[in-house]
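Subject: Structure for you to look at

Hello,

Here is the structure you will be working with. Please open it first, then read my notes below it.

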Amino acid sequence: MLTVDQLHQLLHFRYATKAFDPSKQVSTEEQNALLESLQLSPSSFGMQLWKFFVVEDRSVREQLKSESWGQGQVTDASMYVVLAAETNIDEARIDKWLTQLAKVQGAPIEKLAPYKEMLSGFVNNLTPEQQLEWTKKQVYIALGQLMTSAALLEIDTCPLEGINPVAYDEILGLKEKGYTTAVACAIGYRSADDHHANTPKARFPLSEVIETI
Ligand SMILES: Cc1cc2nc3c(=O)[nH]c(=O)nc-3n(C[C@H](O)[C@H](O)[C@H](O)COP(=O)(O)O)c2cc1C
């Protein structure tokens with residue numbers, strides 16, 4: 001467990017890294033730990049309506065960079081992850097989740113019939129636009145967990161929303177796979193000359209952002 005002091009240091013260690021050192025790589029062990037942080041992110045009903053695309057191919061990274069306001073993090077960071085929301089939440093997808101749940105719980109899937117009815121009712125009550133909004137929100141929770149996990153390992157990150165999600169979907173072929181880009185995250189080690197590392201955090205005071213009722 002962390003002490004309060006360690007948590008404070010961790011929260012201040014993390015910043016949106018503008019310049020990564022391209023020569024520094026995240027170890028395989030740490031990469032796997034970060035991917036597990038995505039896998040274990042909480043999701044609504046536990047349905048995990050997402051997929052995380054780890055882009056290793058350098059030429060694909062170059063293409064993504066040109067659809068990301070030319071931001072250097074896309075190509076310079078050790079890892080680049082595109083966090084995508086699932087687009088087709090149909091009966092089969094609900095069954096896929098319930099099959100997994102029944103397997104892990106060691107219970108017959110028939111026992112989950114009332115749960116299935118509730119889930120279907122909830123999902124079918126949403127318009128496609130509302131479904132997408134719902135799934136994207138959950139992808140952002142995974143983004144938060146990823147960045148905090150990285151900071152715990154003293155690994156730097158930069159969330160990227162300054163991207164063209166339509167172009168990303170096309171470059172990565174996500175539409176055919178049933179996903180759409182929500183946000184991306186560059187992961188690696190800060191460059192020694194990233195002056196943003198020393199920029200004081202411009203946060204509003206706690207008294208302004210927290211209200212006790
Ligand atoms: C959803 C989201 C999208 C962001 N997109 C970008 C981006 O495209 N490029 C970038 O350099 N920073 C991006 N940022 C970083 C923010 O600018 C940064 O978090 C904010 O200024 C606070 O600074 P700090 O994270 O260093 O404390 C993004 C942050 C969030 C949460």
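Thr157 stands opposite Ile187 in β4. Strands here are DSSP runs of E of at least two residues, helices are runs of H or I of at least four residues, and both are numbered from the N terminus. β3 and β4 pair in the antiparallel sense over five bridges; two strands count as paired if DSSP finds at least two bridges between them.

Before going on, some notes on the numbers. This is a predicted model, in which local features need pLDDT of at least 70 and side-chain atom pairs count only at pLDDT 80 or more, while totals for chains, interfaces and linings use all residues. Residues are numbered from 1 along each chain as its sequence is written, and side-chain values use heavy atoms, with hydrogens and water left out.

Strand β3 covers residues 156–160, and four of its five residues are buried, so the strand is largely enclosed by the rest of the structure. Buried means under 20% relative accessible area, exposed means over 50%, and partly exposed is in between (1.4 Å probe, protein chains only).

Ile187 also belongs to the largest nonpolar core, which has 21 residues; Leu83 and Ile187 touch the most other members. Such a core is a set of buried Ala, Val, Leu, Ile, Met, Phe, Trp, Tyr and Cys residues joined through side-chain atoms within 4.5 Å. The largest share of this core, six residues, comes from α7. Apart from it lies another core of 19 residues, including Val74 and Tyr179. Not counting residues up to four places away in sequence, Ile187 touches Leu34, Leu146 and Thr157, among others; contact means heavy atoms within 4.5 Å.

Helix α7 also holds Gln131. Is Gln131 buried or exposed? Gln131 is buried, with a relative accessible area of 12%. Leaving aside neighbours within four places in sequence, Gln131 is in contact with Ile89, Val123 and Leu126.

Now the ligand. There are 14 residues around the ligand, and Ala16, Lys18, Gln71, Lys201 and Arg203 come nearest; a residue counts as near if one of its heavy atoms lies within 4 Å. β3 gives the largest share of this shell, three residues. An N or O atom in the side chain of Lys18 is 2.6 Å from an oxygen atom of the ligand. For Arg14, a polar side-chain atom lies 3.0 Å from a ligand oxygen atom. Taken alone, the ligand exposes 620 Å², and the protein buries 66% of that (Shrake-Rupley method, 1.4 Å probe).

Regards

Terms used:
A polar contact is a pair of N or O atoms within 3.5 Å; within protein, one must be able to donate a hydrogen and the other to accept it, and residues adjacent in sequence count only if both atoms are side-chain atoms.
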